[in-house]
Amino acid sequence: MTAEFHVKLKRPTPLGEILHLRARVVESEADRAVVEASLEAAGKVTSTCRGVFVAVKEGHPAFHRW
């Protein structure tokens, strides 16, 4: 489940270009992961993001959604 998600838009992402999305886990615990990513077009970073994702246990309202 997404606990936090922040996006920084650095410049417009052009249409018609090949896009490269790079993501990596920067922190990992038993029940959560922090992921950072960047989106590139024409060799330039157009946006970056950072998200915190948590595993929910049975009984949580989101548990059976996936």
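Strands (E, at least two residues) and helices (H or I, at least four) are DSSP runs, numbered from the N terminus. The model shown here is predicted, with local features needing pLDDT of at least 70, side-chain atom pairs counting only at pLDDT 80 or more, and totals for chains, interfaces and linings using all residues. Residues are numbered from 1 along each chain as its sequence is written, and side-chain values use heavy atoms, leaving out hydrogens and water.

View 1. Strand E1 (residues 2-9) is where you will find Lys 8. Lys 8 counts as exposed because its relative accessibility is 58% (buried is under 20%, exposed over 50%, partly exposed in between; 1.4 Å probe, protein chains only). Together with Lys 10, Arg 11 and Lys 44, Lys 8 makes up a positive surface patch (residues with over 30% relative accessible area and no salt bridge, like charges being joined within 9 Å, and nonpolar side chains such as Val or Leu within 5 Å).

**View 2. Arg 22 meets Glu 40.** This pair forms a salt bridge, with the closest N and O atoms 3.4 Å apart (a side-chain nitrogen of Lys or Arg within 4 Å of a carboxyl oxygen of Asp or Glu). Arg 22 is partly exposed at 46%, whereas Glu 40 is buried at 17%.

**View 3. A salt-bridge network.** Here Arg 24, Glu 27, Glu 36 and Arg 50 are linked by salt bridges. Glu 36 and Arg 24 come together at 3.9 Å, N to O. Glu 36 sits in strand E3 and Arg 24 in strand E2, so their contact ties together parts 12 residues apart in sequence. Between Glu 27 and Arg 50, the closest N and O atoms are 3.4 Å apart.

Note on methods
Areas by Shrake-Rupley, 256 points an atom, 1.4 Å probe, with all protein chains shown as cover. Lys, Arg positive; Asp, Glu negative; His and termini not counted. Charge placed at Lys NZ, Arg CZ, Asp CG, Glu CD.
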